[in-house]
Amino acid sequence: MQPESTNGTSGGGLAVPMAWLCAEYTADEMMRNGALVDSGSLEFRAGRQTLALTIHLCDGPDPHAGIRTAARIDHWLTVTSYGHPWPQWVQRQLAARTERMRRGGEDPDLTLASEAWRRLRDTQLLATDLGNLEPWHPAHVPEPAADEAAQVWTPAWELGLPLGHLAIHLW
């Protein structure tokens with residue numbers, strides 16, 4: 001479908017952010033299928049946006065380049081795993097895409113991905129303070145349970161990341 005406008009700003013076609021929209025759809029399906037939190041909650045939105053950003057940035061500039069689905073899912077799991085420097089990874093990926101766009105590439109999805117990252121980083125959610133609890137391992141001495149009444153404000157991505165990771169596993 002060609003644009004109605006003839007003022008020359010469209011470059012001859014519509015710049016539709018299909019890769020971002022597909023990533024959002026996939027993330028939404030994964031989060032709903034996982035049924036980890038109520039679909040109307042802020043936690044759900046944080047998980048969906050974190051997962052959409054991960055899916056979009058993992059797929060690269062051509063999401064249909066022939067990468068097998070199993071390999072994609074393994075990559076998503078790796079990027080969202082505990083201990084992976086996810087926020088730094090997001091910033092590097094967005095910077096690389098911004099640079100590619102400056103050199104003449106086109107990325108209609110970049111604005112939406114950057115805005116999602118800004119919201120995830122700047123939005124604070126009230127969550128249970130898990131402190132510095134280490135992940136469970138049979139060789140570790142069990143620590144006392146977290147006090148679920150103690151709550152702290154945390155960036156939305158910190159809550160969305162483990163929810164997204166679990167949703168991938170459950171998908």
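Reader: Is arginine 118 buried, partly exposed or exposed in this structure?

Author: The model is a predicted one, and the state of a residue is read from its relative accessible area. Buried means under 20% and exposed means over 50%, with partly exposed in between. Arginine 118 has a relative accessible area of 35%, so this residue is partly exposed.

Reader: What is the N to O distance in the salt bridge between glutamate 115 and arginine 119?

Author: Glutamate 115 and arginine 119 both lie in helix α5, four residues apart, or about one turn of the helix. Arginine 119 is partly exposed, with a relative accessible area of 35%. A salt bridge requires a nitrogen and an oxygen within 4 Å. The side chains of glutamate 115 and arginine 119 meet this cut-off, with an N to O distance of 3.7 Å.

Reader: How many salt bridges does the structure hold?

Author: For the whole structure, the number of salt bridges is eight.

Reader: Why does aspartate 28 count as buried?

Author: Aspartate 28 lies in helix α1. Not counting residues up to four places away in sequence, aspartate 28 touches Phe44 and Arg48. Buried means under 20% relative accessible area. Aspartate 28 is therefore buried, because its relative accessible area is 15%.

Reader: What kind of aromatic pair do tryptophan 86 and tryptophan 117 form?

Author: A pair of aromatic rings is described by the distance of the centres and the angle of the planes. For tryptophan 86 and tryptophan 117, the centres are 5.6 Å apart and the planes stand at 70 degrees. Planes over 60 degrees apart count as edge-to-face. The pair is therefore edge-to-face.

Reader: Which helices does the pair of tryptophan 86 and tryptophan 117 link?

Author: Tryptophan 86 is buried, and tryptophan 117 is buried as well. The two residues are 31 residues apart, and their pair links distant parts of the chain: helix α4 and helix α5.

Reader: Which residues are linked into a cluster by ring pairs?

Author: A search of the whole structure finds two aromatic pairs. One of them is the pair of tryptophan 86 and tryptophan 117. Ring pairs link a cluster made of Trp86, Trp117 and Trp157.

Reader: Where is serine 81 found, and which residue has its backbone oxygen 2.8 Å from a polar atom of the serine 81 side chain?

Author: Serine 81 is found in the loop between α3 (69-80) and α4 (86-102). The relative accessible area of serine 81 is 24%, so this residue is partly exposed. The backbone oxygen at 2.8 Å from a polar atom of its side chain belongs to threonine 78.

Reader: What pattern does the protein chain follow along the sequence?

Author: The secondary structure comes to six helices and two strands. One of the strands is β1, residues 124-128, and one of the helices is α5, residues 110-122. Read along the sequence, the pattern is α-α-α-α-α-β-β-α.

Reader: Over which residues does pLDDT stay under 50?

Author: The protein chain averages a pLDDT of 80, and 75% of the residues score at least 70. Where pLDDT is low, the predicted coordinates should not be read in detail. The stretch where pLDDT stays under 50 is residues 1-10.

Key. Residues are numbered from 1 along each chain as its sequence is written. Side-chain values use heavy atoms; hydrogens and water are left out. pLDDT is the predictor's confidence in each residue, from 0 to 100. Contact means heavy atoms within 4.5 Å. Buried means under 20% relative accessible area, exposed over 50%, partly exposed in between (1.4 Å probe, protein chains only). A polar contact is a pair of N or O atoms within 3.5 Å; within protein, one must be able to donate a hydrogen and the other to accept it, and residues adjacent in sequence count only if both atoms are side-chain atoms. Rings of Phe, Tyr and Trp (its six-membered ring) pair if their centres lie within 6.5 Å; planes under 30 degrees apart count as stacked, over 60 as edge-to-face and the rest as tilted.
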